[in-house]
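Subject: The structure I mentioned

Hi,

Here is the structure I said I would pass on.

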There are 2 protein chains.
Amino acid sequence: MSVYGGIEAGGTKFVCGVGTGPEDLQTARISTTSPEATVEAAAAFFRERAPGGLKAVGIASFGPVDLDPDSPAFGHITSTPKLAWQNFDLAGAVGRALGVPVGFDTDVNGAALGEARWGAAHGLADSLYLTVGTGIGGGAIVHGRVLHGLMHPEMGHIRIPHDLASDPYPGCCPYHGDCLEGLASGPAIEARWGGPAQELDPGHPAWALEARYLALALTAWVCTLSPRRIVLGGGVMEQTQLFPLIRLELARLLNGYIRKRELTEGLDGYVVPPQLGGRAGVLGALVLAEQALGA
Amino acid sequence: MSVYGGIEAGGTKFVCGVGTGPEDLQTARISTTSPEATVEAAAAFFRERAPGGLKAVGIASFGPVDLDPDSPAFGHITSTPKLAWQNFDLAGAVGRALGVPVGFDTDVNGAALGEARWGAAHGLADSLYLTVGTGIGGGAIVHGRVLHGLMHPEMGHIRIPHDLASDPYPGCCPYHGDCLEGLASGPAIEARWGGPAQELDPGHPAWALEARYLALALTAWVCTLSPRRIVLGGGVMEQTQLFPLIRLELARLLNGYIRKRELTEGLDGYVVPPQLGGRAGVLGALVLAEQALGA
């Protein structure tokens with residue numbers, strides 16, 4: 001019986017999975033080395049675990065990537081600092097190695113799709129998945145599909161109010177200084193407070209400020225995307241004390257303007273942690289495989 | 001031969017149209033009086049101009065409105081300050097008067113749909129239409145369809161950086177103070193500078209500040225919705241000197257981070273004025289009619 005293959009392609013590891021969903025997923029981790037060796041190791045895994053063949057394979061990839069189906073570089077990693085991977089045709093190489101249709105998207109869009117299909121946004125046609133870690137990225141599901149548009153969102157780079165009097169840290173984004181990512185990513189927390197985020201006490205003022213910045217961004221996305229639920233993942237969000245702080249601040253910022261129960265008394269179920277943990281990306285890649293087949 | 005009917009329902013007038021698109025559109029303006037008399041006048045117009053009957057009618061309405069198809073109040077005007085219209089079932093009344101399927105959406109979503117079908121965003125599956133006037137509202141087209149999500153966007157209410165040292169005006173939004181609408185709507189310009197926007201000289205510093213605020217908001221929407229084009233309409237945007245100022249500031253804020261030609265050398269064709277003028281809403285309503293029929 002044929003199954004789907006999924007790859008969460010990261011800069012340090014590839015997580016490969018075979019199955020049809022969370023209940024029957026077999027995974028393996030492969031170190032990211034050269035493009036050719038990494039793709040061959042992934043292909044060997046799929047041949048071994050799916051001897052009957054795959055129906056299709058999906059890839060949720062680190063980037064930047066080209067997602068434009070009309071571009072000659074569709075499915076390529078583009079301007080990454082990892083030199084060996086620059087301009088590598090990842091989707092093409094995986095497709096040729098396995099001889100099946102390939103679905104391709106960003107890692108964060110993959111995680112958004114996984115959480116929307118089987119996780120914290122299950123059953124909702126419109127949701128937002130945000131990862132807050134080394135960087136900040138977001139994937140939006142609109143009408144049940146990943147939003148791409150001209151390219152793909154770069155949600156970490158929106159500008160938010162930054163009160164230099166109370167927070168003189170100038171931000172760490174090399175392009176924008178104090179954009180959201182520049183103010184609220186893991187490296188920003190570490191640079192502002194002089195130590196890794198995970199070593200700061202849960203009562204440290206760092207967390208109220210972090211919640212403020214994230215709530216300002218969530219306000220923009222609530223007003224723009226009108227998601228039915230927001231899933232917050234990534235390393236920084238393992239600080240679970242952030243969730244109630246973010247919800248309170250979001251309610252304060254929206255100030256009752258949008259009269260939907262989810263945004264007034266329902267915030268505990270509206271701003272939520274992920275449910276698929278480290279498997280969101282590879283599970284989302286299975287959905288990409290399914291979509292590539294037109295299933 | 002049957003045609004579509006469209007209504008742009010505003011608080012002071014209803015614009016009614018019969019036809020299939022901009023080339024054959026017959027319109028009439030009806031003053032907004034009582035709900036019953038206004039709907040009856042609209043229905044009389046459609047009976048006269050489409051004696052063979054309409055296939056369907058679309059309504060792009062002032063609000064707030066209920067767009068949730070599962071809600072008992074779907075198609076109603078909800079908490080408007082116009083007392084006679086509070087909780088009026090506009091979609092139901094029009095449907096009963098004409099005996100045809102009814103499409104229903106907000107006025108700004110209607111204009112977004114009209115511009116996407118026949119106007120400045122023609123042929124693009126993903127676009128953003130913004131109106132900057134008494135209020136600020138946005139309609140997003142994603143995968144060729146209007147984005148609704150939980151409710152509908154309230155784009156005017158995102159928070160943007162506000163430097164109180166250079167602009168001490170506190171904003172005029174009764175809910176949020178200095179959200180985008182509070183800082184950049186027509187009433188905000190008038191309150192800040194002490195006179196109506198349209199009376200300020202094109203070289204007045206008001207316009208550089210206005211362009212700055214709108215460009216900050218566009219940055220958030222480019223990073224979130226990744227539209228293929230942004231159409232800026234509404235009374236304030238009749239100050240056409242704003243367009244080059246906004247494009248320059250948007251380029252400065254994005255700072256080359258998103259490497260798409262549209263956002264680097266292509267901004268003249270990316271941030272554009274509407275093409276349908278005052279007919280965007282009623283033409284969008286024709287599209288709503290078509291969609292109601294499932295055509």
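Before the first number, one term: buried area is the accessible area, taken with a 1.4 Å probe, that two parts lose on being put together, summed over both. Keep in mind, too, that this is a predicted model.

**Where the two chains meet**

The size of an interface is often given as the accessible area lost when the parts come together. Here, chain B and chain A bury about 4100 Å² between them, and 60% of that is on carbon and sulfur atoms. Each side brings a set of residues to the contact: 44 from chain B and 44 from chain A.

Polar contacts are another story, with 28 residue pairs counted between chain B and chain A, both partners at pLDDT 80 or more.

Now for the side of chain B that touches chain A. Among the elements that each supply at least two residues to it are β8 (145-146), α6 (205-225) and α7 (242-254) of chain B. The largest share, seven residues, comes from α6(B). Sorted by class, the residues on this side of chain B are 23 nonpolar, twelve polar and nine charged.

**A helix pair across the chains**

Helix α6 turns up again when you look at how it packs against its partner. The axes of α6(A) (residues 205-225) and α6(B) are 11 Å apart, at an angle of about 70°. Angles from 65 to 115 degrees count as roughly perpendicular, so α6(A) is roughly perpendicular to α6(B). On the α6(A) side you will find Trp221(A), Thr224(A) and Leu225(A), which meet Trp221(B), Thr224(B) and Leu225(B) of α6(B). That contact has four nonpolar and two polar residues, and no charged ones.

**A helix pair inside chain A**

Next, have a look at α3 (residues 107-118) and α8 (residues 280-292) of chain A: their axes come within 7 Å and cross at roughly 85°. That makes α3(A) roughly perpendicular to α8(A). Residues making the contact include Leu113(A) and Trp118(A) from α3(A), and Leu283(A) and Val287(A) from α8(A). By class, the contact of α3(A) with α8(A) has eight nonpolar, five polar and three charged residues.

Most residues other than glycine have a negative phi, and most peptide bonds are trans. In chain A, the bond joining Gly63(A) and Pro64(A) is cis, with omega about 0°. Pro64(A) sits in the loop between β4 (54-61) and α2 (90-98) of chain A. Chain B has a cis bond from Gly63(B) to Pro64(B), with omega near 5°, and Pro64(B) lies in the loop between β4 (54-61) and α2 (90-98) of chain B.

Finally, Asn255(A) is not a glycine, yet its phi is positive, about 55°. You will find Asn255(A) in the loop between α7 (242-254) and β10 (271-272) of chain A.

Cheers

Key
Residues are numbered from 1 along each chain as its sequence is written. Chains are lettered from A and ligands numbered from 1 in the order in which they are written. This is a predicted model: local features need pLDDT of at least 70, side-chain atom pairs count only at pLDDT 80 or more; totals for chains, interfaces and linings use all residues. Side-chain values use heavy atoms; hydrogens and water are left out. Contact means heavy atoms within 4.5 Å. A polar contact is a pair of N or O atoms within 3.5 Å; within protein, one must be able to donate a hydrogen and the other to accept it, and residues adjacent in sequence count only if both atoms are side-chain atoms. Helices (H or I, at least four residues) and strands (E, at least two) are DSSP runs, numbered from the N terminus. Ala, Val, Leu, Ile, Met, Phe, Trp, Tyr, Cys and Pro count as nonpolar, Asp, Glu, Lys and Arg as charged, and the others, Gly among them, as polar. Axes are lines fitted to C-alpha atoms, for helices over the stretch in contact, and angles run from 0 to 180 degrees between N-to-C directions. Angles under 35 degrees count as roughly parallel, over 145 as roughly antiparallel, 65 to 115 as roughly perpendicular and the rest as oblique.
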